[in-house]
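Subject: Structure for your files

Dear colleague,

The structure is below, with notes on what was found in it. Please read them with the model open.

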Amino acid sequence: MEKVLPGLAMLAVVAVVFVLIWIGWRGRLRRQSGIEQLPAVPDVLGEPLISADGQYVASTTAGDWLDRIAVHGLGIRTNAELSIHPEGVLLDRSGAGPLFIPAASLAGVRQDSGMAGKFVEKDGLLILSWTLGTHALDTGFRTRRAADKPAVLQQLQEMISPGPQAGAHSGK
């Protein structure tokens, strides 16, 4: 009996923590309900210019790496395949719907070391800046193989602008 009561108390504390996390997530969803629906994946996409396996980290409000976007499944970290097509960038996410970013919505790309609770080595993440309706967002992706990242970064830079993008490397 002397071990049962502390065990039950610990179980109650864990349950309270999970309830508080759930309440916080529901509040975030409610605050972000005005964010527009995600663009649909086009019925016909051109051949991929390049693709890479990796991890979809999260989408955040642009410039605020801690303000995770929860609506439309954008706050779910998951394995994904990033493919770049002439029409835009497709993140085919496991356990969440695909995320398509039209080429015209892309505003920039940079490398960084972290966002929304995921921190890696210097310049280990690719951060795509884009607009969804009136909201500016940053979306993080980490390639599974480090050797894939330079080619993906270069292809993204070419899609956004004709020359290499100034500030492609972050100072973090």
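**Arginine 93**

Arginine 93 is buried yet takes part in no salt bridge, and the nearest side chain of opposite charge, aspartate 92, is 7.5 Å away. Buried here means under 20% relative accessible area, exposed means over 50%, and partly exposed lies in between (1.4 Å probe, protein chains only). A salt bridge is a side-chain nitrogen of Lys or Arg within 4 Å of a carboxyl oxygen of Asp or Glu. For charge, Lys and Arg count as positive and Asp and Glu as negative, while His and the chain ends are not counted.

This is a predicted model, in which local features need pLDDT of at least 70 and side-chain atom pairs count only at pLDDT 80 or more, whereas totals for chains, interfaces and linings use all residues. Residues are numbered from 1 along each chain as its sequence is written, and side-chain values use heavy atoms, with hydrogens and water left out.

Arginine 93 lies in strand β3, residues 88–93. Helices (H or I, at least four residues) and strands (E, at least two) are DSSP runs, numbered from the N terminus. The arginine 93 side chain reaches the backbone oxygen of glycine 73 at 2.8 Å. Setting aside neighbours within four places in sequence, arginine 93 has contacts that include Tyr56, His72, Leu74, Asn79 and Pro98; contact means heavy atoms within 4.5 Å.

**Salt bridges**

Side chains of opposite charge can pair when their charged atoms come close. By the salt-bridge rule, the count comes to four. Arg110, Asp112 and Asp138 are linked in a network of such bridges. Aspartate 112 pairs with arginine 110, with the closest N and O atoms 3.7 Å apart. Aspartate 138 also bridges to arginine 110, and there the closest N and O atoms are 3.6 Å apart.

Arginine 110 is partly exposed, at 24%.

Aspartate 64 sits in the loop between β1 (50–61) and β2 (78–85) and is partly exposed, with 35% relative accessibility.

**Helix α1**

Met10, Val13, Val14, Val17, Phe18 and Ile21 make a nonpolar surface patch of about 570 Å². Patches are made of residues with over 30% relative accessible area and no salt bridge, joining like charges within 9 Å and nonpolar side chains (Val, Leu, Ile, Met, Phe, Trp, Tyr) within 5 Å. Accessible areas come from the Shrake-Rupley method with a 1.4 Å probe; for residues, only the protein chains shown count as cover. Isoleucine 21 lies in helix α1, residues 4–31, and is exposed at 52%.

**The whole chain**

The chain has two helices and nine strands, in the order α-β-β-β-β-β-β-β-β-β-α from the N terminus. Its C-alpha atoms fill a box of roughly 70 × 35 × 30 Å along the principal axes. Of the 172 residues, 39% are buried. The accessible surface is about 9,300 Å², of which 60% belongs to carbon and sulfur atoms.

Regards

Terms used
Polar contact = N/O pair within 3.5 Å; in protein donor to acceptor, adjacent residues only side chain to side chain.
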